[in-house]
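User: I would like to learn how to read helix packing and a few local features in a model. Please take me through them one at a time.

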Amino acid sequence: MWLRRIGARNVRNLLDERVDLDPRLNVFFGRNAQGKTSVLETVGLISRGRSFRTEQTRHTIRRGASALLATGLVAGEGNPSQGHQLELELRADGRALRLDGHAVRAAEYFGRLDVVVYSGERLRIIHGGRRARRQFIDRGAAALWPSYRALLRDMERVTQQRSACLERGGKGLEAWDESLVAVGAQVRARRARYVESLHGLLDTSFMPDGEDCQIASSHPEPDEERQRERLEAELQRQRPRERAARRSLVGPQRDEILLRVAGEEASQGASSGQARSLVLALVLASLELHRAERHTAAVALLDDLDSELDEERSQRFCGRVVELAQVLVTTAHPAWARGLPHGGRLFEVEGGRVHEAS
């Protein structure tokens, strides 16, 4: 799938913009704080219902406005006449989702447009806590397998109820243990398969000096029955600690995703250049895996790609991504934008307005 057109009303400093997109490459340039990233953020809102820049998605609503509207006309690959109109209306007190003009539930809306993001905020995957790495993996896996998204919802419900049971003293804990083992084993097995596939596609050519990089799960066994056995053993071993803490200390919600560069844990010792290059490798692998599994492309959102990468590497990476997906990329440097040899459309963003540039 690809985006033919996007609309942004009251998204950050975008007042009311509509942009027709190229199916391959779209470059947005302009000075800082003019609205370039807000264009990409609009696509993220259409796809995921949330911002990739902040956990507080309501902060994306333009100051002084009561709501925002993000819309996207999604076309089928090879058949632009097939597709859907996606609409997200976001208010401070909630959101509304519409498909082809009709209000729909989240389960019917999400999954019709998938995005993969590269941005400065994505460095949280490397230097942030384990939750940021789990979210990156879980969101990627959920884009491939809708059933995985449902599993995550079930796991969240079970862990909340189990923690509440422990807080009350643990009466009836065995029933919640059984539920956690049932859903947790499935989550760990599916997560392990996704991480294993991603690792197999990691491209080290964008790493400084071609350094080796790796991604692995702290529970790498893709067999669900083995995961059940190990989770049951963990629960038995940690039972005294959990009862003393009166909260859940075991389960996929606490697992780690391990990232390494040149054999060292990336969160501890990766340089800024290594961290950004590892994120590039993860983005590229995610796009390749999405196309291989879904037989269609995700949309790549590349924010300030050239800000801390040399021109040769950033342009080479952009060229690789264009081979896999529709690309929206931002830059503060018009010369870099015009130097991309891949055709497509060029847009200038100034004061929250988007104009196609010649």
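Predicted model: local features only at pLDDT ≥ 70, side-chain atom pairs only at ≥ 80, totals over all residues.

User: Which numbers stand behind the relation of α6 and α9?

Analyst: Two packed helices are described by the angle between their axes and the distance between the axes. Here α6 covers residues 173-201 and α9 covers residues 272-294; their axes come within 9 Å and cross at roughly 110°. Axes are lines fitted to C-alpha atoms, for helices over the stretch in contact, and angles run from 0 to 180 degrees between N-to-C directions. Helices (H or I, at least four residues) and strands (E, at least two) are DSSP runs, numbered from the N terminus.

User: Is the crossing of α6 and α9 left-handed or right-handed?

Analyst: The crossing of α6 and α9 is right-handed. A crossing is left-handed if the near helix is turned anticlockwise from the far one by less than a right angle, and right-handed if clockwise.

User: Which residues of α6 and α9 meet?

Analyst: Contact means heavy atoms within 4.5 Å. From α6 come Y194, S197, L198 and L201, and they meet L282, A285, S286, E288 and L289 of α9. The residues of this contact of α6 with α9 divide into 6 nonpolar, 2 polar and 1 charged. In that scheme Ala, Val, Leu, Ile, Met, Phe, Trp, Tyr, Cys and Pro count as nonpolar, Asp, Glu, Lys and Arg as charged, and the others, Gly among them, as polar.

User: How do α9 and α10 cross?

Analyst: Helix α10 spans residues 311-322, and its axis and that of α9 come within 11 Å, crossing at roughly 15°. Therefore α9 and α10 are roughly parallel to each other. Their crossing is left-handed. On the α9 side the contact is made by S277, L280, V283, L284, L287 and E288, and on the α10 side by R313, F317, R320 and V321. The contact of α9 with α10 divides into 6 nonpolar, 1 polar and 3 charged residues.

User: At what angle do α4 and α5 pack?

Analyst: α4 (residues 130-144) and α5 (residues 146-167) pack at about 135°, with their axes 5 Å apart. That angle makes α4 oblique to α5. D138, A141, A142, A143 and L144 of α4 meet P146, Y148, R149 and L152 of α5. The residues in this contact of α4 with α5 are 7 nonpolar, no polar and 2 charged.

User: What can be said of the chain as a whole?

Analyst: The chain has 11 helices and 15 strands. Its radius of gyration is 21 Å, close to the 21 Å that the globule rule gives for 358 residues, so the chain is as compact as a globular protein of that length. The radius of gyration is taken over C-alpha atoms, and the globule rule is 2.2 Å times the number of residues to the power 0.38. Along its principal axes the C-alpha trace spans about 70 × 50 × 40 Å. Buried residues make up 53% of the 358 residues; buried means under 20% relative accessible area, exposed over 50%, partly exposed in between (1.4 Å probe, protein chains only). Of the contacts with a separation of 6 or more, 69% come from residues 24 or more positions apart.

User: Where does R12 lie, and what is its phi?

Analyst: R12 is in the loop between β1 (2-11) and β2 (14-20). R12 has a positive phi of about 55° although it is not a glycine. With a relative accessible area of 24%, R12 is partly exposed.

User: Is H295 buried or exposed?

Analyst: H295 counts as exposed, at 67% relative accessibility. H295 sits in the loop between α9 and β12 (299-302) and has a positive phi of about 60° although it is not a glycine.

User: Which residues does R5 touch?

Analyst: R5 is found in strand β1. Not counting residues up to four places away in sequence, R5 touches V19, D20, T71, G72 and L73. At 36% relative accessibility, R5 counts as partly exposed.

Definitions and conventions:
Residues numbered from 1 in each chain as written. Heavy atoms only, no water. Parallel < 35°, antiparallel > 145°, perpendicular 65-115°, else oblique.
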